[in-house]
Amino acid sequence: MWFGVDYYPEHWPGDRWPLDAKMMREAGMNTVRLAEFAWALMEPEDGFYDFTWLDRAIEVLTKEGIQIILGTPTAAAPKWLMDKYPDMYPVDVYGLTKGFGTRRHYCPNNKIYRQYSVLIARRMAEHYKDHAHVVAWQIDNEFGGACYCKSCLQAFRVWLAHKYGTIDKLNTEWGTVFWSHTYRHWDEIILPTYSSSDGFSQNAGARQLLSTPYNHNPGLLLDYQRFFSDATVAYQRLQIEEIRACTDLPITHNLMGHFSELDYFVL
C-alpha cells in the first residue's frame, strides 16, 4: 500500500533533507510527490534545464526506502516565461488580465504555453525514464479555473464548428432568435463574459469559478463549460503523450473531490 506525502525540498536547505526523509520513514511513509511547483528551478532560463538539485533530493529520499511520484511543474510557470509571453496570462469574466503572483496563471488554450509545457514534460520524462525509484507521474496540479482570452475565443469557435457543423444548427440548438442573438457566422460567436441586460447582469449570485453573469444564452454558457473542460483534457493529454513515450508507469492527476467544473470522468 502506498502511503505518502507531498514534499517540497526546494523550500528547505539541503542539509535538512536527510532528517525529513528519516522522519517520513519513521511515520510509515513510503512515497512522496515532488516537483509539481518547481519549474523555475528545473528551467531557470529559457531552454536551460537543471535537474541536479532534484536528483540529490531523490537520492536522499530513496536511501530511506521512499519511492517517488514526479509532478510536471506546469501549474506554476516561471516569471521569465510569463514576461516573455504575457499573452499566456488568463483573462477573467470581466475582461481583466490576471497577473503573476500565485499559481495557475496560464491559459490552457495558449499555443505557446502548450509548447513550453510539452518541452518541460519531455525533458523530465527523458531524464527520469530509467530511474528505479520513480513509480508514477502526475500532470500539473488541480486543474480548474476559467479563461476568456483571445486564445480561448478562437478555440471555442473551432470547438463549436466541430460540434454543430453549421451556424444555422447552432442558432437552432441555442434558440438564438431570443433577444436577436442570432449569429451569421462563426466569427461572430462570443465568450460568455460580462454583459448587460435590463439591470440584472450583476454577478452577485455567482459562487463558482466558471460562473458568469446569468443573462447570457444558456446554450452558450453550457457549451463554454463543456469546451473548457475538453480544452483542459486536451492540455493534459499533450503532457501524457510525452511521458508515455518514455515510460509505462502510471500517470495521474490530483483531482479535487466533487469538483464539477471539469468532466472528471473524461479527464
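At roughly what angle do the axes of helix 6 and helix 7 cross, and within what distance do they come? In this predicted model, the axes of helix 6, formed by residues 150-164, and helix 7, formed by residues 167-174, cross at roughly 90° and come within 9 Å. Angles of 65 to 115 degrees count as roughly perpendicular, and helix 6 and helix 7 are therefore roughly perpendicular to each other.

The residues that form this contact can be named on both sides. Helix 6 contributes Phe156, Leu160 and Tyr164, which meet Lys169, Leu170, Glu173 and Trp174 of helix 7. Sorted by class, the contact of helix 6 with helix 7 comprises five nonpolar and two charged residues, with no polar residue.

The two helices belong to a protein chain whose secondary structure consists of eight helices and five strands. Read from the N terminus, the elements follow the order β-α-β-α-α-β-α-α-β-α-α-α-β.

The chain as a whole may be described next. The protein chain has 267 residues, of which 47% count as buried. Its C-alpha trace spans about 70 × 35 × 35 Å along the principal axes. The accessible surface of the protein chain amounts to about 13,900 Å², and carbon and sulfur atoms account for 55% of that surface. As for contacts within the protein chain, those between residues at least 6 apart in sequence include 73% that join residues at least 24 apart.

How values were computed
Residues numbered from 1 in each chain as written. Predicted model: local features only at pLDDT ≥ 70, side-chain atom pairs only at ≥ 80, totals over all residues. Heavy atoms only, no water. Axes fitted to C-alpha atoms, helices over the stretch in contact; angles between N-to-C directions. Helix = DSSP H or I, 4+ residues; strand = E, 2+ residues; numbered from the N terminus. Parallel < 35°, antiparallel > 145°, perpendicular 65-115°, else oblique. Contact = heavy atoms within 4.5 Å. Nonpolar A, V, L, I, M, F, W, Y, C, P; charged D, E, K, R; others polar. Buried < 20%, exposed > 50% of the residue type's maximum accessible area, 1.4 Å probe, protein only. Areas by Shrake-Rupley, 256 points an atom, 1.4 Å probe, with all protein chains shown as cover.
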